[in-house]
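Welcome! Have a look at it first, then read on.

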There are 4 protein chains.
Amino acid sequence: MIENLAPAPSKREIASEKRRKHILEAAIACFIDKGFHQTGMRDIAARAEVSIGNLYNHFPGKHDFLIGLANMEGEMIAPFIEHLEVDGLANETFSAFLQDYWVIVSDKDVAILTAEITAEAMRMPDIAKQFLEVRRSLALALSSLLEKGITQGIWRPSGDPLHTANFILDTIECAADRQAMDKTSAQAQLAHLEVFLSSSLGVSCNN
Amino acid sequence: MIENLAPAPSKREIASEKRRKHILEAAIACFIDKGFHQTGMRDIAARAEVSIGNLYNHFPGKHDFLIGLANMEGEMIAPFIEHLEVDGLANETFSAFLQDYWVIVSDKDVAILTAEITAEAMRMPDIAKQFLEVRRSLALALSSLLEKGITQGIWRPSGDPLHTANFILDTIECAADRQAMDKTSAQAQLAHLEVFLSSSLGVSCNN
Amino acid sequence: MIENLAPAPSKREIASEKRRKHILEAAIACFIDKGFHQTGMRDIAARAEVSIGNLYNHFPGKHDFLIGLANMEGEMIAPFIEHLEVDGLANETFSAFLQDYWVIVSDKDVAILTAEITAEAMRMPDIAKQFLEVRRSLALALSSLLEKGITQGIWRPSGDPLHTANFILDTIECAADRQAMDKTSAQAQLAHLEVFLSSSLGVSCNN
Amino acid sequence: MIENLAPAPSKREIASEKRRKHILEAAIACFIDKGFHQTGMRDIAARAEVSIGNLYNHFPGKHDFLIGLANMEGEMIAPFIEHLEVDGLANETFSAFLQDYWVIVSDKDVAILTAEITAEAMRMPDIAKQFLEVRRSLALALSSLLEKGITQGIWRPSGDPLHTANFILDTIECAADRQAMDKTSAQAQLAHLEVFLSSSLGVSCNN
DNA sequence: TATGAATGAGCCTTCATTCAT
DNA sequence: CATGAATGAAGGCTCATTCAT
C-alpha cells in the first residue's frame, strides 16, 4: 500500500505545526477564562508566550481561533464515536457511553466553550457547519447503536432512530449546561439522566 | 388581598417606564442582529432614537441590558407556566404546551438570544441566577403536570418528576438550538420531538 | 431680503465648529512636520491637546483631515481670485498677483502640503475633485484677466486664455515646488519667473 | 578612453543584478498601484515572487526602493537629454522633444510615481538631491538648445536660458500632473501646451 | 543566497462611560 | 430628563526588520 505521495513534512513544518497547536491551546485557555469576546489577541499572545505579530503567522485572524476550537471539539468527540461502535450489548455500550460522555460535557470548561461556540455559531455559518458536522457524526453512531439495541430486543422501536439519537444528545448536553451554571452534584444528575433516557428508550415488551 | 401599598405611579413615572421598555426593546433588537458584544451603546441609542447619555438615565450600564433581557425572557415564559396549570387531561395539556413552547423556542431570534444569554451566564452569576430561576419555575410547573398525569394513570411513574421535567425542557430547548443553526423544517422536527418525549414518559401499564 | 431661514447656530454649535477648526489646524501642522502617512491620529490628538477618541467626534476618519486640508487650501486661494478681479491695468494686476501668489506657494510648508495633497489626489478621486475645483476657479479668474489684458492692448492674443492661465499657474506652482526642495533664493527665482511669464504673454505689436 | 578598470562582473553578479532589477520593478509596480506608504515589504516580495527575507539581500530597507525608483526615473530621462543635443534646427528639435516628453510624463503611472517621489523628496534630502540632479541635467540640455535656437535666430533672447529651461519643464510636468488627475484628452492638452511654450519663447523680430 | 517565522511598536478605530450644558 | 462632546484604554491587525536555518 502506497502512502505519503505528498512529500514528508520537513522538520520546520513539523515545528510550525506544533507551534500552531501550542498557540491554539493558549487561545482556548483564554476563551475558557474570559470568553471569546473578552479575550484579546494580546491575551492569547501572552499566554502562548509568543509575540502578537507571530500569532498572525499561524492564524489569519481572531475568527480562526474559533474554527480551530471547533475542530478541536471535533477531535475530542471522535473517540466516543468509536466507543459506540464496539461490539456488545447495546444497553451496556450505551450506559458506558453515557457515563463517559457526561464526564466530558459536564466539565465546566467544556460547557463554557460549548456555550461560547453555540452563541457564535448562530451568527457564523462556517462555525455552525463545523459544529453541526461533528454533532451529526456522533448522532449517526448513536443511531446505529439504537438500531442494534432494537434488533437485540433490548429496546422497543419508537420513532426514527436518528432523531432519537439527536434528542438524547440534546438532553445530555443541555443538562450539562445547566449543570455548569448551577452547582448541583454532577454525579447525582447523571443518575437521574440515566433513568430518564432509559425510560425514553423503553424496554422491550418481552421483558 | 392587599396590593399597591406603594403610592400609585405618577404620569411621569409611567412615561419613564415606557421609555425604559422602548430602549430595552431596541437593545434586544440589536443583540439579535449583531450579538451582545458586537452591539455598542451607540447602536442601542441609535435604534431607540435616544441620545447615548440618556441611555444611562434608564440603565446603569451595558450589563443591565442583559439583565433586562433575562427578565424579558422570564415574562415570555410566564404564560406557559399558567398554561401548564389549567385543569384537564395531562397528556392533552402537555401536547398543547409542547406545541406552543416549540413555536417560541425554535424561533431563530429567540434561539439566538438564548444562546447569547447562556454564554454570558456562564461567566456572570447574576445572569445565571435570573436565568435558572425562570427555568426552575417552568420546570416546577411541568413537574406538577407530570405528577398529575401519573395520578391520572396516563403516564407511568419513572424517576423524579422534577428532574424529568428539566430533562424534557432540555431536550426541547437544545433541539430548538440545533434547529436555529440548521435549516431543517421546524414542523417536522416538532413531530419527532413529540414522539420522543411521549416515549420517554412511557404509557401506563394498564393501557 | 430674507436670510437665515435656517436656525441660527447655537452657542454649542459654534464652540464645536471652533474645536473642529482647531483640530484641523493641528492635523495640518502634523502633516507639514511629518507628512500625512507618517502622522498618526495620536500625533494629531496630542498636538490639538484633545483625546484621541474625541478626534472622531469631529472627523469621521483620517481621510477626512485630507479633505479638510484641501478645503483650507481652497480658502487660502479665495482672496487671490478676488485680487485678480479688481479694476486696473491687467499687467499691473498680474504683476501684483504673481508676487503675492509666489510668496504663498513658495513657502516651504505650503509646498510640502501641496505635494502631499497632489500625491494623495492621484489615488483618491474626492480629493482630486476638490483640488481641481479650487484650481479651476483660480484659472478662470486669471483667464479673465488675460482677456482683459488683451482687450486693453497690453498683451497679444495667443492660444486659448483658459489654457494659458492654467499653464501659467503650472509654471508658478511647479517652480515653487523645486524651490522648496532646493535652497535657491526665492526672491531671485521670482524675478526670473516674471521675465519668463511676461515673455510668454508677449507684448502687443503696436508697442 | 579607458573603461572597466573594475574586474568584469562574474556570472553570479550578473544574475544578482538581474534579480535586483526584477525586485525593483516589482516594487515600482506596487508603488503605482497602492502608493509608497501603502505598499508593504510583503507586497513587494509577493509581486516579485521572492521571500521577504531575500528582499533585504538586495535592498537594505524600504527607503532604498525609493532611491532605486529615483534612479530609474533618471534612466528614463537620459535619452531625452541625448535627443536635445542632436544637430538640427532648434525649434524642430524642441517640438520633437516636447511631444516625446509629454507622452512620457502625461502617462498616469509616471505622474503617480512623480507625485509620490516629489512628496517624499520634500522630507528626504537624499531623494531630493537625486531628483534635482536628474532634473538639472535635463534643464541644462534644454538650456543649450534654447541658446542654439537664439543663435540660429529662431527665438529671441529673453531672460536666462537655464531658468527658462526650468520653467518650461515645470510647465510641462505640472500640466501633466493635472492631466493625470483630470480626464481631459492628453492630445488636446499637448497642442495647447505647444502654443503656450512657443509663445513664451517668442519669435525672432526679423521673422 | 534564500527562506519565512519571529518581533513588538505602531496603525486607525471603537468602546463604555461621564458630565457640563 | 435629555444631550452629545469628551475621555483614553483597548480593540484587531500590519509594519519594517531580523536571524536561525
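Between domain 1 of chain A and domain 2 of chain A, two residue pairs are in polar contact, both at pLDDT 80 or more. On the side of domain 1 of chain A that touches domain 2 of chain A, five residues are nonpolar, two are polar and two are charged. Please keep in mind that this is a predicted model.

**The two domains of chain A**

- Domain 1 of chain A covers residues 11–59, and domain 2 of chain A covers residues 66–201.
- Taken over C-alpha atoms, the centres of domain 1 of chain A and domain 2 of chain A lie 29 Å apart.
- Where the two domains of chain A meet, nine residues of domain 1 are in contact with 10 residues of domain 2.
- Together, domain 1 of chain A and domain 2 of chain A bury about 910 Å² between them, and carbon and sulfur atoms give 75% of that area.
- One salt bridge is counted between domain 1 of chain A and domain 2 of chain A.
- A salt bridge joins the side chains of A:Lys21 and A:Glu75, at 4.0 Å from N to O.

**Where chain A meets chain B**

- Chain A and chain B each bring 48 residues to their contact.
- About 3,900 Å² is buried between chain B and chain A, with carbon and sulfur atoms giving 66% of the area.
- Four salt bridges are counted between chain B and chain A.
- A:Asp170 and B:Arg178 form a salt bridge, with their closest N and O atoms 2.5 Å apart.
- Across the interface of chain B and chain A there are 14 residue pairs in polar contact, both residues at pLDDT 80 or more.

**The chain B side of that interface**

- At least two residues of the side of chain B that touches chain A come from each of these helices of chain B: helix 1 (11–34), helix 6 (108–121), helix 7 (125–151), helix 8 (161–181) and helix 9 (186–201).
- Which helix of chain B gives the most to the side that touches chain A? That is helix 8 of chain B, with 14 residues.
- Sorted by class, the side of chain B that touches chain A holds 20 nonpolar, 14 polar and 14 charged residues.

Notes. Residues numbered from 1 in each chain as written. Chains lettered and ligands numbered in written order. Predicted model: local features only at pLDDT ≥ 70, side-chain atom pairs only at ≥ 80, totals over all residues. Heavy atoms only, no water. Domains from an automatic or database assignment. Contact = heavy atoms within 4.5 Å. Buried area = accessible area lost by both parts, 1.4 Å probe. Polar contact = N/O pair within 3.5 Å; in protein donor to acceptor, adjacent residues only side chain to side chain. Nonpolar A, V, L, I, M, F, W, Y, C, P; charged D, E, K, R; others polar. Helix = DSSP H or I, 4+ residues; strand = E, 2+ residues; numbered from the N terminus.
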